[in-house]
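Here is a friendly briefing to read alongside the model. Keep the 3D view open and look up each residue as it comes along.

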Amino acid sequence: MTANASARAIKPELLRTYTEDFNKDRANLIAADAAVSAGVLKAATDYRGVRALPRDFSIELKQGSITNQERSGRCWMFASLNTLRYELMHRWNLEDFEFSETYLFFWDAMEKSNTYLENVLRTLDEATDSRLFEAINESPADDGGWWQMFAALVNKYGLVPKSAYPESENSRNSDDFKQYLNSKLREFAAELRRRSAAGASEDELRALKDEYMGTVYRICAVALGEPPEKFDFFARPKDDDEDKKGEARKCKAEADADGKAESCKCGESCKCEGKSDAKACKCDKDKSDKPKTGKDERPQIREIGITPLEFYKKYVPVDVNDFATLANAPLKNRPFNRRYRIRFSANVVEAGDMEFVNVPLDVFKKAALDQLTAGHPIWFACDCTQFALRKDGFFDQSVVRVDQLFGTEFTGDKAHGLEYGDSPSNHAMTFTGVNLGEDGKPNRWKVENSWGKDAGKDGYYVMSDAWFDRYVTELIIRKEYLDDATRALLTTEPVEIDPWQPLTRRCR
């Protein structure tokens, strides 16, 4: 071994010092017993941190059943659809509803494949080992994405309910499907580049690309089944009378408890007298004289042969184009209050590349609070792996005390996490609640996830406000809840950034 190599190696005498120091400290031995037996996260869980994050919220939205992306990278799609189904459910008074994620998954695979081949044609002069081509070629049609990819798909293909295009084995577990689709796409890319080098014209190459897309369609249709061009839709709104009866019973119970007659919330004058023999409210007897049958008398929503675009435009009460992407990335090379565009980031080629406005944390958080307070959920992206308990449903550095377990502080800030790739956005979820303290400021957030009801608490997570500040990097905000200065940035000339720079990783 040369002297230079010896200087770079771990020295035996240092190893002896390390082990002596480790064994002298009783805390190290206890920590090792716990971590080896239970794993790092369980050993690092601080019960005091858990108790400091109760699961009640001063602002809370009533959402449908928890969804499950299973073994796929469709979180961005699930989070997007979860924001829209909330609006649809409350517009049409439905107890529950779920869109077909597989429908958009099919078209996303088709569109990403087309865009990949178009990007190959745009970069025929790039060497295959250039940084740009490697970024393009890394994941031709992988599952990940952003809100704007979702919006591009909805604008072009519309939406369908889950009953019209249910999950399949390859949407639930997408690895095999996407592995061979990507392999085929890279074969097509190599042939396009070979034909170009041999002198093929642009028209000849594009005709070949169109032929290749026929193969892509066949792969997608075999894996997922063909998507519907039209479908039938049936739903029943909730029975408002049941809600009124519930309010009446609550009203009577309150009157019985405190001896006071109350005004019934169902809109009828309460007949309770605050006595043990008090009669039920009038609204609780509205239908007492009607014969009872087993027939469901609720009104029906019925559509026969509706198209996905017609369904979206008729039943979804929001426009996916009325949202903006806000980022909070405190990087020196990403000044705040500017609009940015990520090159080569589109899924639908004609829809254009992804964009965001980078804003300070106070602006970022105020937009989230304003939208939740107004009664609308929020799509957001974060690094879901840092200081997180996936099974128990916590995002908080005070809960996951790996600093205590390992005896070392973790001091990296948000800028460090983005610049060094330690905490990029890798997962999208939905905010459905927030708790405000006595000072009116948020101290914890309610998170709807898409990992099924057995993850977290019935599918929901709680996030501390400090974790929000550190690891939440993107929000999708309705433009009406942006301040004037931020809204004005949406029309400024964007600064273009390369597809390998911070904030360019797709959420999975």
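## A strand residue to start from

Ile378 sits in strand β7, which covers residues 378-382; helices (H or I, at least four residues) and strands (E, at least two) are DSSP runs, numbered from the N terminus. The model is a predicted one, in which local features need pLDDT of at least 70 and side-chain atom pairs count only at pLDDT 80 or more, while totals for chains, interfaces and linings use all residues. Residues are numbered from 1 along each chain as its sequence is written, and side-chain values use heavy atoms, with hydrogens and water left out.

**More about Ile378**

- Ile378 has a relative accessible area of 0%, so Ile378 is buried (buried means under 20% relative accessible area, exposed over 50%, partly exposed in between, with a 1.4 Å probe and protein chains only).
- Leaving aside neighbours within four places in sequence, Ile378 is in contact with several residues, among them Thr83, Ala368, Leu372, Phe431 and Ile476 (contact means heavy atoms within 4.5 Å).
- Met429 is another contact of Ile378; the two are 51 residues apart along the chain, and their C-alpha atoms are separated by 8.3 Å.

**How confident is the model?**

- The mean pLDDT of the protein is 92, and 90% of its residues reach 70 or more (pLDDT is the predictor's confidence in each residue, from 0 to 100).
- Over residues 260-284 pLDDT stays under 50, and the model has 45 contacts beyond four places in sequence for this stretch.

**Two helices that pack together**

- Two packed helices are described by the angle between their axes and the distance between the axes.
- Helix α9 (residues 147-157) packs against helix α14 (residues 308-315) at an angle of about 110°, and their axes are 7 Å apart (axes are lines fitted to C-alpha atoms, for helices over the stretch in contact, and angles run from 0 to 180 degrees between N-to-C directions).
- The helices α9 and α14 are therefore roughly perpendicular to each other (angles under 35 degrees count as roughly parallel, over 145 as roughly antiparallel, 65 to 115 as roughly perpendicular and the rest as oblique).
- On the α9 side, Val154, Asn155, Lys156 and Tyr157 take part, and they meet Pro308, Leu309 and Tyr312 of α14.
- The residues of this contact divide into five nonpolar, one polar and one charged (Ala, Val, Leu, Ile, Met, Phe, Trp, Tyr, Cys and Pro count as nonpolar, Asp, Glu, Lys and Arg as charged, and the others, Gly among them, as polar).

**Salt bridges**

- How many salt bridges does the structure hold? There are 36 (a salt bridge is a side-chain nitrogen of Lys or Arg within 4 Å of a carboxyl oxygen of Asp or Glu).
- Asp96 forms one with Arg85, with the closest N and O atoms 3.6 Å apart.
- Asp96 lies in the loop between α6 (75-92) and α7 (101-122) and Arg85 in helix α6, so this pair ties together parts that are 11 residues apart in sequence.
- Asp96 counts as partly exposed at 35% relative accessibility, whereas Arg85 is buried at 1%.
- Asp143 and Lys178 form another salt bridge, their closest N and O atoms being 2.8 Å apart.
- This pair links distant parts of the chain, 35 residues apart: Asp143 is in the loop between α8 (131-137) and α9, and Lys178 is in helix α11 (residues 175-197).
- Asp143 is buried, with a relative accessible area of 2%, and Lys178 counts as buried at 4%.
- Lys365 forms a salt bridge with Asp465, the closest N and O atoms being 2.9 Å apart.
- Lys365 belongs to helix α15 (residues 361-373) and Asp465 to helix α18 (residues 465-471), 100 residues apart.
- Both Lys365 and Asp465 are buried.

**Buried loop residues**

- Asp46, in the loop between α4 (40-44) and α5 (47-51), counts as buried at 7% relative accessibility.
- Not counting residues up to four places away in sequence, Asp46 touches Ser398, Val399, Arg401 and Gln404.
- Gln69 is in the loop between β1 (59-60) and α6, and is buried with a relative accessible area of 2%.

**Positive phi values**

- Most residues other than glycine have a negative phi, and most peptide bonds are trans.
- Asn337 has a positive phi of about 60° although it is not a glycine; Asn337 lies in the loop between β4 (323-327) and β5 (338-342).
- Asp458 is a residue other than glycine with a positive phi near 55°, and its place is in the loop between β11 (442-448) and β12 (460-464).
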